[in-house]
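Please open the model in your viewer and keep the selection panel at hand. The stops below say what to select next and what is found there.

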Amino acid sequence: MAAELHFRIVEAFDSQEFSTAIEQLLADGWLLHGPMTAFPNQMEEGKVSTVRYVQALIKDATPKRKTGFSTSMPQI
């Protein structure tokens, strides 16, 4: 059975906001997928005024199958 993956793109113009969003997703079980990309979003008078940060992430969404038996000990 093939794995089922969820795919997500995070995009931000503020590096701290971007970093916080990525950290939260990593803590929630998401994995980085490919390199982070940062590129000039807007130029003013020949200088970069804003930067766009982009990162793809994936998460395993394959349904978990039960084994048919319990591995926990009953409470006595």
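**Stop 1: the salt bridges**

The structure holds 2 salt bridges, a salt bridge being a side-chain nitrogen of Lys or Arg within 4 Å of a carboxyl oxygen of Asp or Glu. Before selecting them, note that this is a predicted model, in which local features need pLDDT of at least 70 and side-chain atom pairs count only at pLDDT 80 or more, while totals for chains, interfaces and linings use all residues. Residues are numbered from 1 along each chain as its sequence is written, and side-chain values use heavy atoms, with hydrogens and water left out.

Select Arg52 and Glu11, whose side chains meet in a salt bridge with an N to O distance of 2.9 Å. Arg52 lies in strand E4 and Glu11 in strand E1, so the pair ties together parts that are 41 residues apart in sequence; helices (H or I, at least four residues) and strands (E, at least two) are DSSP runs, numbered from the N terminus. Arg52 is partly exposed at a relative accessible area of 24%, and Glu11 is partly exposed at 44%, where buried means under 20% relative accessible area, exposed over 50%, and partly exposed in between (1.4 Å probe, protein chains only).

Now select Asp28 and Lys59, which form a salt bridge with their closest N and O atoms 3.7 Å apart. This pair links distant parts of the chain, since Asp28 sits in the loop between H1 and strand E2 (31-32) and Lys59 in strand E4, 31 residues apart.

**Stop 2: strand E4 and its partners**

E1 pairs with E4 in the antiparallel sense over 8 bridges, and the bridge partner of Ile9 in E4 is Ala56. E2 and E4 also run antiparallel, joined by 2 bridges, with Leu32 partnered by Leu57 in E4. Strand E3 (residues 37-44) is joined to E4 by 7 bridges, again antiparallel, and there Gln42 stands opposite Thr50. The hairpin of E3 and E4 has 2 residues between the strands, and in this hairpin Glu45 takes a positive phi near 55 degrees.

**Stop 3: the nonpolar core**

Which residues make up the largest nonpolar core? Select Val10, Ala12, Phe18, Ile22, Leu25, Trp30, Tyr53 and Leu57, 8 residues in all; such a core is a set of buried Ala, Val, Leu, Ile, Met, Phe, Trp, Tyr and Cys residues joined through side-chain atoms within 4.5 Å. Strand E1 (5-12), helix H1 (15-27) and E4 are the elements that give two or more residues to this core, and the largest share, 3 residues, comes from H1. Leaving out residues up to four places away in sequence, Leu57 touches a set of residues that includes Val10, Ile22, Leu25 and Trp30, contact meaning heavy atoms within 4.5 Å.

**Stop 4: Gln55**

Beyond its neighbours within four places in sequence, Gln55 is in contact with residues among them Arg8, Phe18, Ile22 and Pro35.

Terms used: Two strands pair if DSSP finds at least two bridges between them.
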